[in-house]
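This report walks through helix packing, a domain contact and a chain contact. The sequence and model come first, the description follows.

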Amino acid sequence: MEYNVVIAGFGGQGVMLIGELLAHAGMDEGKEVTWLPSYGPEQRGGTANCAVVVADEPIASPILTEPQAAIVFNRQSFDKFEPVLAKGGLLVLDSTLIDRKSSRVDLDLVYIPATDIAMELGNSKFTNMVLLGAYLGKVNPISMASLHGALSVFLTGKKAALIEVNKRALQAGVDFVNKE
Amino acid sequence: MSDKVLMKGAEALAEGAIQAGCRYYFGYPITPQNETPEYMSRRLPEVGGRFVQAESEVASINMVYGAACAGVRVMTSSSSPGISLMQEGISYISGSNVPCVIMNAMRGGPGLGNIAPAQADYFQAVKGGGNGDYRRIVLAPSSIQEGVDLLVDAFELADKYRMVVMIIVDGLIAQMMEPVEFKTRIDVSTLKTPEWATVGRHGRDHANVITSLTLDAAGLEQWNLKLQAKYAQVERTESRIEEYQMDDADYAIIAYGTMARIAKTTVRIARAKGVKLGLLRPITVWPFPAKQIQAYVGKLKGTLTVELAYRQLFEDVRLALCDKMPLGWYGRGGGVVPGPQEILGAFEEQFGKGR
């Protein structure tokens, strides 16, 4: 079994971080994982994305030409990845920031007001966790427990205080999908 | 949980070199391997090593040359255009019979090209680049873990044969993260300064002199013959290949590095369709594992060489197999990486459905 996902948004939105969390959690479960960042001539304030693969077998290519899923944080990333998603793919997007609806009828679409939900939790910086939670509410490449484990690897020292609220943000994403 | 850590290729390879006993690194930044010198600049001082960011690639390789003459484990890394600038130094180091390790994260070319994954520096790495009759051992890992493991071998081989050992990867291996485990740690205090090192006379009756200049033709020929004898020994004993799903194979893909890991999935897809396809993956591209490939003459109905370049690896396959079987080829250039299905399509186009 192989799960893959493209995560895309502005630099600074925690796009790369949630990809790393996924990969780290997969590694802790003994799975094969790859994390590949976009590393072209990037621009400050421009878009950033990463591709994550979690699989039981060795991973051939970390490059995703037809990703199974995409988590998108902004309009540019939506425009870029909506057309390339595999048939029947999963698209999770932040409907607080993205005003357009998908024109593809084959996709499993999650319009989640992730920024609004994050603000209710106290800070728009948790948007990435809300979106990741929504993704994990739909598919299970790794268990939530493993992801919690990865959080405590990334959030250490003073940041350890943020683990609980990040967990709540993840759960808010899961809950939104389950209510839908 | 194991001892695995999630690391970017360019950083894991730097740590791998340190674990292999590398204590000196000289380099100049270039994408897609900037994380290697950055990591070295942070880590080498912690382990008592030295990092210098040189003013250019030409300076870097000559600093490597100097450290190599002192008999220490030294490396540099760069990407295609930077490696081109180092060719003179690589020839001098080879001509001087001293060891070092060089990592090339190959990118799209020719010229400045781009920073996407490519294998178009195969000829440069394997056949030459600098002037004169010299060879270097060229290792081609297809995962971050293998790269880290091969770095230990790279420094051992460099010291054993007093040769340049080059590790060729690409932006994909350098930029992605994969779980990696550092299995071997060389204790540098056990590494002896070689007899030939230019580190002072220490009571010896003669001074060690290292040079690549020999004006006398007969003398230089003798020197060349010594080098050639060494290269012949390396060719006899050091070639390596991975043979994947080859026991009952009718056909084989021949590919290395990034291309080989993708081709492995092609093999799995083909096998699920009932096609007896295997993979021959050179781990050393020099010495080229010709003998291991030739062992399949009479057993295979054909091979498909696949590379991120235009008929470079293919040339060595052709030298090894001549007209002993049908030889197909497929490649993409400029930094485009084909997927497993695309490779299978090329196979079916050239060999039918393979049954």
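The model is a predicted one. Helix α5(B) is mostly covered, with seven of its nine residues buried. Those residues are G89(B), I90(B), S91(B), Y92(B), I93(B), S94(B) and G95(B). Just after the helix, N97(B) has a positive phi of about 65 degrees.

Two packed helices are described by the angle between their axes and the distance between the axes. Here are both pairs.

| Helix pair | Axis approach | Crossing angle |
|---|---|---|
| α3(B) (57-69) and α5(B) (87-95) | within 8 Å | roughly 15 degrees |
| α1(B) (9-19) and α2(B) (35-46) | within 8 Å | roughly 45 degrees |

How do α3(B) and α5(B) lie relative to each other? The axes of α3(B) and α5(B) cross at roughly 15 degrees. Angles under 35 degrees count as roughly parallel, so α3(B) is roughly parallel to α5(B). The crossing of α3(B) past α5(B) is right-handed. On the α3(B) side, the contact uses V58(B), I61(B), N62(B), Y65(B) and A68(B). They meet G89(B), I90(B), Y92(B) and I93(B) of α5(B). By class, this contact of α3(B) with α5(B) holds seven nonpolar and two polar residues, and no charged ones. The four residues named from α5(B), G89(B), I90(B), Y92(B) and I93(B), are also buried.

Now the other pair. The axes of α1(B) and α2(B) cross at roughly 45 degrees, and the two helices are therefore oblique to each other. Their crossing is right-handed. From α1(B) come A10(B), E11(B), L13(B), A14(B), E15(B) and I18(B). Facing them in α2(B) are E35(B), T36(B), Y39(B), M40(B) and R43(B). By class, the contact of α1(B) with α2(B) has six nonpolar residues, one polar and four charged.

**Domains of chain B**

Chain B is split into domain 1 (5-189 + 226-236) and domain 2 (241-351). Their C-alpha centres are 26 Å apart. Domain 1 of chain B gives 27 residues to the contact, and domain 2 of chain B gives 22 residues. Which elements supply at least two residues each on the domain 1 side? They are α6 (122-127), β6 (137-139), β7 (164-170), α8 (171-175) and α9 (217-237) of chain B. That side of domain 1 has 17 nonpolar, five polar and five charged residues.

**Chain A against chain B**

The contact between the chains takes 16 residues from chain A and 19 residues from chain B. On the chain A side, α1 (15-28) and β2 (32-37) give two or more residues. The largest share, five residues, comes from β2(A). By class, the chain A side divides into 11 nonpolar, four polar and one charged.

**A glycine in chain A**

G137(A) sits in helix α4 (residues 127-138) of chain A. Is G137(A) buried or exposed? A residue is buried if 20 or more other C-beta atoms lie within 10 Å of its own. G137(A) has 23 other C-beta atoms within 10 Å, so G137(A) is buried. Leaving aside neighbours within four places in sequence, G137(A) is in contact with G173(A), V174(A), V177(A) and N178(A). G137(A) and S38(A) are 99 residues apart in sequence and 26 Å apart in space, C-alpha to C-alpha.

Notes
Residues numbered from 1 in each chain as written. Chains lettered and ligands numbered in written order. Predicted model: local features only at pLDDT ≥ 70, side-chain atom pairs only at ≥ 80, totals over all residues. Axes fitted to C-alpha atoms, helices over the stretch in contact; angles between N-to-C directions. Parallel < 35°, antiparallel > 145°, perpendicular 65-115°, else oblique. Left-handed = near helix turned anticlockwise from the far one by under 90°. Contact = placed C-beta atoms within 7 Å. Nonpolar A, V, L, I, M, F, W, Y, C, P; charged D, E, K, R; others polar. Domains from an automatic or database assignment. Buried ≥ 20, exposed ≤ 12 C-beta atoms within 10 Å, placed from the backbone.
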